[in-house]
Amino acid sequence: MTTSLQTTSPQTTSLRQPPPAGTVGIIGLGSRGIGVLERLVTLAARPERADRRLVVEVVDPDGTGVGIHAVDQPDHLLLNTVCAQVSLFPEEATVGAALGDQGPDLYEWVTARGLKVAEDGHTLGAEGRPVRPDDYLPRRVLGEYLGWFLRRLLDRVPENVEIRFHRAAATSLSAAPDDSRQITLDTGETLRVDTVFLTTGHTPQAAPDPQAPGASRRIHEIYPPAAAFADVTADQTVALGGTGLSGMDVLASLTLGRGGRYEAIDGDLRYLPSGREPRILLFSRTGIPFRARPAANHTGGPYRPVVFTPQALDRLRSAGDDRPLDLHGDLLPLIRTEMRIAFHRRGAALARGTDAEHTLTARLREAADARTLDDELRALDLDHAERFGHFDPQELLFPDSAEFDSGDAYRKWYEQRLRSDLVEARLGLGRSPTKVGLEVLRDLRDVVRYAVDFGGLDENSHDEFYGSFTATINRSVTGPQLDRHEELLALLEAGIVNVPFGPAPRVEWDGTVWRISSTRLGTVHSAPADWLAYATSGQPDVEATGSPLLADLVASGRIRRHRPGARSSRGVDITADQHPVAADGRPDRKVRVLGPLCEGATFYNHYVPSPGGRNRALADADRCVTAVLAELAAGTEPETTWSPAQ
């Protein structure tokens with residue numbers, strides 16, 4: 001085997017080696033690119049392929065495999081997935097018998113290294129309490145795990161595989177005269193490959209207009225936060241739009257990152273400022289806070305649905321002559337019903353034990369078959385309401401717009417929402433039926449994908465799904481760690497943060513400062529801010545991208561946006577085999593796109609692989625690499641769909 005780190009053109013292949021049976025390019029080496037590389041190494045080492053030489057050209061400016069999880073970021077920037085749910089090692093449920101290497105998940109990895117959680121609850125080092133499976137670890141630790149995994153992978157590259165690393169950025173991807181694919185690097189070099197995997201992940205947005213009003217006082221890119229907000233001083237005010245994970249990262253950087261600390265006093269968390277914090281005005285489009293991730297994120301095995309199943313979706317489609325599904329008419333009724341079932345199953349287990357939960361589940365399945373499920377659930381609503389509270393998925397997902405007389409009234413409501421959700425979050429999935437009901441949106445992502453992927457929804461439903469409804473899902477089940485909301489309450493109490501505007505505030509540059517004004521309060525609340533930042537992590541937008549490579553592909557018509565008629569669908573249009581679709585509607589069968597770039601054609605691609613059951617990210621990598629190796633081995637020449645670059 002050969003692995004080499006290239007910063008210039010690849011070295012000439014030794015004459016003693018046979019010519020390559022195929023050359024594969026990987027553009028982007030975050031978790032998706034590593035997943036593809038792992039499959040290439042593992043599958044190329046199998047006996048039936050051992051006599052076929054493979055060259056892999058890996059293009060990435062960093063080349064260490066960490067992707068967006070830089071190892072030099074501070075420990076107060078945390079993952080939102082617990083450490084026991086992070087693993088890059090494929091399992092049999094995902095890749096079948098072609099397992100390759102087996103190794104530790106992130107929890108096992110940090111534990112084996114003797115790492116511990118310090119008293120502050122986030123710093124990882126040699127001192128403190130043992131790491132728990134349900135801990136949210138620093139993001140930089142995942143970067144270290146990714147780098148370790150890559151090094152371990154390179155140690156087992158077989159003799160018939162050569163991997164060449166190019167620490168550079170790809171600026172264009174075109175068809176060569178012989179119909180191979182040509183990757184141009186920002187160094188001016190070119191690579192010729194038979195097929196390409198495009199796994200660039202979270203690509204940047206287009207650069208802002210420096211002449212736009214207020215541009216000099218708007219922070220467009222919030223990562224890394226310490227550098228992004230370095231010019232913000234303690235006597236200034238920041239208007240921060242966005243209250244999800246990215247918003248909490250900014251708050252942590254402007255407080256913990258500036259020397260502040262938290263202390264438990266009389267059972268409450270108090271913030272002790274350093275004096276270096278700016279004032280922060282927090283707002284969001286909906287005005288509704290995210291729900292915190294629950295503690296004890298495991299209840300014993302994957303959730304098995306009763307009504308929200310692929311079979312139920314197939315029945316809906318067949319009843320409508322395979323028509324696209326309607327979000328409100330077809331999909332949401334099944335989701336709401338499954339959420340109620342999950343709530344009552346956990347309620348039965350808590351009230352009467354595990355056997356009672358199993359009995360109830362069987363009864364609900366029979367009721368679903370007999371079409372008496374609504375009656376059963378209404379009876380359970382009454383039975384469980386007194387002990388576990390009223391559970392209405394429609395109300396939880398789409399709360400009625402509250403009316404507030406003033407900014408103070410809105411702030412009190414906002415704090416109460418945080419506190420009531422924290423009660424459930426602290427109970428965790430083991431003891432909160434409400435959190436279990438909401439978790440259906442996360443547990444059954446694969447069923448949601450089955451419903452919406454590759455044009456599964458009608459045009460209006462697709463637009464709403466990738467617009468407001470994905471935001472609803474994120475607000476419900478992919479929110480910040482519960483510690484972050486405890487800290488937010490302490491920051492509100494300390495006066496460092498204020499939330500006075502209510503939903504949909506107006507944001508304007510008045511020539512001197514930013515002015516944030518309420519639009520839905522009885523008494524208008526308006527306040528100035530020296531700086532404006534939006535802490536949102538939107539999906540890549542191929543038509544407004546800051547990536548030279550994507551911009552070139554769009555301009556040349558070699559890729560297009562998925563469903564251009566849908567305003568909220570901004571990712572690359574792909575086929576079911578992950579091939580990008582050109583502006584003329586033809587797929588390029590020598591290129592495959594994986595990861596966040598596919599958001600819109602497929603659902604929820606921005607996550608790190610996790611153990612336990614089938615994993616979509618690694619399954620896609622396995623499926624695509626298997627197809628590529630079969631094509632190369634057979635000497636298959638797929639139908640050409642690009643013309644050589646003119």
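Good morning, colleagues. Let me begin with the aromatic rings. The count for this predicted model comes to 19 aromatic pairs. One of them is formed by Phe465 and Phe603, whose rings are edge-to-face, with 5.1 Å from centre to centre and 70 degrees between the planes. What does this pair tie together? Phe465 belongs to helix H15, residues 459–477. Phe603 sits in the loop between strand E22, residues 591–593, and helix H18, residues 616–634. The pair therefore ties together parts that are 138 residues apart in sequence.

Are these two partners buried or exposed? Phe465 is buried, at a relative accessible area of 0%. Phe603 is buried as well, with a value of 2%. Phe603 also pairs with Tyr604: the ring centres are 5.8 Å apart and the planes stand at 55 degrees, so this pair is tilted. Tyr604, like Phe603, is buried.

Ring pairs link Phe398, Phe465, Tyr466, Phe469, Phe603, Tyr604 and Tyr607 into a cluster. Two arginines lie over ring faces of this cluster. Arg32 is placed over the face of Tyr607, 5.0 Å from the ring centre. Arg445 is placed over the face of Tyr604, and there the figure is 3.7 Å.

Let me stay with Phe603 for a moment. What does Phe603 touch, once its neighbours within four places in sequence are left aside? The contacts are Arg445, Val448, Arg449, Val452, Asp453, Phe465, Tyr466, Thr470 and Ile473. By contrast, Val625 is 22 residues from Phe603 in sequence, and their C-alpha atoms are 21 Å apart in space.

I turn now to helix H13, residues 433–443. How many of its eleven residues are buried? The number is ten, and the helix is accordingly described as mostly covered. The buried residues are Pro433, Thr434, Lys435, Val436, Gly437, Leu438, Glu439, Val440, Leu441 and Arg442. Several helices take part in the covering, among them H8 (327–352), H10 (373–388), H11 (393–397), H12 (407–431), H14 (445–452) and H15.

Two packed helices are described by the angle between their axes and the distance between the axes. For H12 and H13, the axes come within 7 Å and cross at roughly 80 degrees. The two helices are therefore roughly perpendicular to each other. On the H12 side, the contact is made by Asp421, Glu424, Ala425, Leu429 and Arg431. On the H13 side, Pro433, Thr434, Lys435, Val436 and Glu439 take part. The residues of this contact divide into four nonpolar, one polar and five charged.

Next, a residue in another loop. Gln481 is located between H15 and helix H16, residues 482–494. At 4% relative accessibility, Gln481 counts as buried. Which residues does Gln481 touch, not counting those up to four places away in sequence? They are Leu78, Leu79, Asn80, Tyr136 and Ala292. Leu245 is 236 residues from Gln481 in sequence, yet the C-alpha atoms of the two are 8.4 Å apart in space.

Finally, I come to the backbone. Most residues other than glycine have a negative phi, and most peptide bonds are trans.

Where does a cis peptide bond occur? Such a bond joins Tyr223 and Pro224, with omega about -10 degrees. Pro224 lies in the loop between strand E12, residues 218–219, and helix H5, residues 225–228.

Ala504, although not a glycine, has a positive phi of about 50 degrees. Its position is the loop between strand E17, residues 497–498, and strand E18, residues 506–509. With a relative accessibility of 25%, Ala504 counts as partly exposed.

Arg563 is not a glycine either, and has a positive phi of about 45 degrees. Arg563 is found in the loop between helix H17, residues 548–555, and E22. At 16% relative accessibility, Arg563 counts as buried.

Thank you for your attention.

How values were computed. Residues are numbered from 1 along each chain as its sequence is written. This is a predicted model: local features need pLDDT of at least 70, side-chain atom pairs count only at pLDDT 80 or more; totals for chains, interfaces and linings use all residues. Side-chain values use heavy atoms; hydrogens and water are left out. Rings of Phe, Tyr and Trp (its six-membered ring) pair if their centres lie within 6.5 Å; planes under 30 degrees apart count as stacked, over 60 as edge-to-face and the rest as tilted. Helices (H or I, at least four residues) and strands (E, at least two) are DSSP runs, numbered from the N terminus. Buried means under 20% relative accessible area, exposed over 50%, partly exposed in between (1.4 Å probe, protein chains only). A charge sits over a ring if NZ of Lys or CZ of Arg is within 6 Å of the ring centre and within 35 degrees of the ring normal. Contact means heavy atoms within 4.5 Å. Axes are lines fitted to C-alpha atoms, for helices over the stretch in contact, and angles run from 0 to 180 degrees between N-to-C directions. Angles under 35 degrees count as roughly parallel, over 145 as roughly antiparallel, 65 to 115 as roughly perpendicular and the rest as oblique. Ala, Val, Leu, Ile, Met, Phe, Trp, Tyr, Cys and Pro count as nonpolar, Asp, Glu, Lys and Arg as charged, and the others, Gly among them, as polar.
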